[in-house]
Amino acid sequence: MNDKKIKKRTIIFLTASIVALLIFFILGLMLGRFNIAIDDFFKAIFTSDASLDTQRSIIVNLRLPRTIMAAFVGMGLSLSGLLYQETFRNKLVSPDLLGVSTGASVGAAIAIVLGLSSAFISIFAFLMGLLTVFVTVMISKLFRNGSSTILLLSGIIVGGFMSAILSLIKYMSGDITTLASITYWLMGSFESANMSRDYILMGVVVVCIVVLLLITHPINLVNQGKAEAQTKGINYNFYRGLIIVLSTVLTAISVCFCGTVSWIGLVIPHIVRLIAGRDAKRTIPLCITFGATFMIVVDILSRTFTDSEIPLSAVTGLLGTVIFVIILIIKRRKLNEHKDI
Amino acid sequence: MNIKTSNLSFKYDKKAAKPVLNHLNLDIKEGTVNVLLGLNGCGKTTLIKLLAGLEKPTEGSVIYGDKNLKDIKIRDRAKIFAYVPQQANVTNDIPVRQYLSYGTTNTLAFYEHPGKEEMEKVEATANRLGISHLLEKNLGEISGGELQIVLIACALIQNTEILLLDEPTSALDMKNQNLVLSILKSVAKEGKTIILSSHNPNHALFLDSNVILINNGVVCDEGKAKELIKVNKLIPIYGEHVCVSKDLGYEEISFK
Amino acid sequence: MYKKTFVPLLVALASVGAFTGCSNSGNQNNQISVTDMVGTTITINKNPKKVACISRTTYDLLVAYGLGDKIDGAYKGTLNNSWVPLIYPESKNHYVYEYNNSAELFLSRGVDLVLAPEKYMADDLNAHGVPALCVSLYGNPTFDSYVTFLSQLVTKIWDGDDIKTKASAWENKVNTAINDVKTELAKHELSKKKVFYVRGDKDRGVCYTDTKGSFTEYAYRTLGFDFVGSTLSTTQPSKEEIVAQNPDIFVCGGQYQNKNINILKTEEPYINLDAVKNNKVYNIPIGFTAFEQLSVMTPIFFYDQANKIYPKYFDYDISSMVKSSIKEYFGTDVTNDQVSYMLNGLNPEGGSLY
């Protein structure tokens, strides 16, 4: 397709998704289990009417922090999905590839079994997530072979080991309520969102995004593989390492605050590539806005219709599969068009 | 810039008994065309990779001008030589234009993207090689011959003194082999140094190049194609069925 | 060679089978057919000597009825309460069970009856030759007809006039307490109000309650309230759901009660709720068990909550009731300080229970 057409389309979709993001962000503040009439909503925000204290408290203390968290987790997970897929040149790869989510789950499960507070659950999850990826990289070094396949393979090995540890912890937790807590955490929730957590999340995600936007051209070349990147003047090992570190941090920081959320890291990059091709300077901005919007929608769905919250992975799974099937149908049509030519 | 290798050895596995390249010495003069000939698995591709810095020598060194390759920064290497990979290693779902723009990386800072000036370079080179009509197509949608020309175009866009090509004709039919070799011939006239590996001795004759015959990881002979490509020199490598035919009015290597 | 050892073995096995078969038919008087709380009927030996109390409501009742020496062990959640060894020092001899235990563990310990909290557990154990009865924490559909179920079950399984006397005395007390409270409340025109029960036996914050079918639901319905949990599909509603429900009062029980009361009174969004603003947040005492759990303290639970929620109509002397009940059921003297710690949800030293 014509480069100018893709550029135009990218700009259109980017603008549209920014508008959608703003609309859903406000909807995220308006909708929920507690009914707030539209005029009450605006009064609660723009006046200090004491009769709306409860409404104001719900908007400011419950919905605002979790909507912000949803937005940034959405950005983080879809970006890291995109980066992993591009770096490993495999479109079925998700952010969990190098074991970061399973590692984080083990960390969280340990903290839950020890009966630690939710802040410690997050810290344990974050550190174990990073540690797991570190171990994965170390194991791949044992092979003295820098290829991505070896890294993928050791990711599978370490991921499998971590799942086994997780099963063991679940088994040893014994107590049915502890087990339920672990399972619930694994399915993801924004329930623990508050502003101080949001500040940490926002800080990390924004720094990662700034760095990523600066290195979009090297990212493109890294996607071409070592031989191409290196002979075109890009330090392949350095940039691949940097990309893996950034996407791992993005996943770990998201997972540690809200548990594991599946599908988003797989689906959003696919949609984005359909629109903008494989140029990181276009796919990264689109991933940011699409991921944030998708996650806010998921959060609204997860907390509005039932008296307790539906786990995020259940919603992303349902929504994600439907979207994925639609993508496949569109792609099939495209493939058939090519055949006709 | 001259290219030298001194005592260059390489093993894929440190414990392997037999090295792929065994204390290999080369001296390639600026502005020459050089064809690496030898059997499959004799170390041609490995040598190209070592020259391109994609593998590290187990022993010995590669020297560009007066500098050891390992002391040259990756970014600066891309200004000295361009490398044309084998077709199989190229991703196929980006447009030709985007792929060609990657050739301008050596003039950009890490945070920069190819801009107007760079895209003009891309279009000029595409025009010159007659592939302008392919610019908006994906790499996966064009033919093998077209893809090979795109890969060479990308290397030319790098605007380097030296071109390294790994089997540029191996996947092509006769017509496209001729097209690619003609392009290389015209590039050589500009004074570029070209090193390519090939499995066909006739290509060396066509290019009127230097030939480096490699056997068992060492250079077993080198010289001008017309002098070197003789039956008695080729039989030890390619076997006794090799012959020179003059049926078409010029020398051609064939087999009985 | 194998045949040689195999045949005598077979004979031995057959004779053991025949022998036990005989002894079964010979001791039919020692067996009893009982139906548990979920309707499963099984035949067990009378007067079991090693009982595993996995269901939380069973331990204190058996101890209070003088059957402490028939207990092999209890669920760790029950035993890990610092009041238990103080009120009943012999609890130290009791084995600490997990929630899910294998049939082999019970068999190896020679347990002859398991009181399990869930049907699947009891079914599984029975299938593996461990006699088990389900004593659920939930009635179907509500707990109304199950308040004295366990007490009556105990009198069926164990012989002894003493046990029967104790049981009927306790049942009378429960009925009296319920009647006392109901009769008094009937005299007044009271509008139906909503109560939200914060469970607090786990550190799950305010968003943790109990559902329809629980004893707590029955208790607060009896005390004239709509129990918020009975309208929910889950024990863990979201914060927004609680705010949307806007209950008239909060009652906090369990070992984390003081933590939860503090959350309600200091954290957004709860501080804006009517119940919190009107200071209608009450605690539930905790002693040998949490009082809101069906136990020997059940009558006092009704009096205590009635006192707190309707101070205009009720003024029972809870402290002396607690003191005398503990003396009566467990034979232990507790000090006035200790009683006040129980009433405030604290541990025997006046510290927090978590």
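Two salt bridges are found across the interface of domain 1 and domain 2 of chain C. The model is predicted. One salt bridge joins the side chains of C:D144 and C:R221, with an N to O distance of 2.7 Å. Polar contacts across the interface of domain 1 and domain 2 of chain C involve nine residue pairs, both residues being at pLDDT 80 or more. On the side of domain 1 that touches domain 2 of chain C, the elements giving two or more residues are α2 (58-64) and α4 (83-87) of chain C. The largest share comes from α2(C), with five residues. By class, the residues on this side of domain 1 of chain C are 16 nonpolar, four polar and three charged.

The two domains come from the domain assignment of chain C, which places domain 1 at 17-163 and domain 2 at 175-343. Their centres, taken over C-alpha atoms, lie 28 Å apart. Contact involves 23 residues of domain 1 of chain C and 28 residues of domain 2 of chain C. Interface size is often expressed as the accessible area lost when the parts come together. For domain 1 and domain 2 of chain C, the buried area is about 2300 Å², and carbon and sulfur atoms give 64% of it. Three residues stand out on the domain 1 side. C:D60, C:W83 and C:I87 supply 29% of the area that domain 1 of chain C buries against domain 2 of chain C, more than any other three residues.

The second interface is between chains. Here 21 residues of chain A are in contact with 24 residues of chain C. The area buried between chain A and chain C is about 1900 Å², with 51% of it on carbon and sulfur atoms. Three salt bridges are counted between chain A and chain C. One of them pairs the side chains of A:R63 and C:E240, at 2.7 Å from N to O. Polar contacts between chain A and chain C number 11 residue pairs, again with both residues at pLDDT 80 or more.

On the side of chain A that touches chain C, two or more residues come from each of α3 (53-87) and α7 (176-187) of chain A. The most is given by α3(A), with seven residues. The residues on this side of chain A divide into five nonpolar, eight polar and eight charged.

Methods: Residues numbered from 1 in each chain as written. Chains lettered and ligands numbered in written order. Predicted model: local features only at pLDDT ≥ 70, side-chain atom pairs only at ≥ 80, totals over all residues. Heavy atoms only, no water. Contact = heavy atoms within 4.5 Å. Buried area = accessible area lost by both parts, 1.4 Å probe. Salt bridge = Lys/Arg side-chain N within 4 Å of Asp/Glu carboxyl O. Polar contact = N/O pair within 3.5 Å; in protein donor to acceptor, adjacent residues only side chain to side chain. Helix = DSSP H or I, 4+ residues; strand = E, 2+ residues; numbered from the N terminus. Nonpolar A, V, L, I, M, F, W, Y, C, P; charged D, E, K, R; others polar. Domains from an automatic or database assignment.
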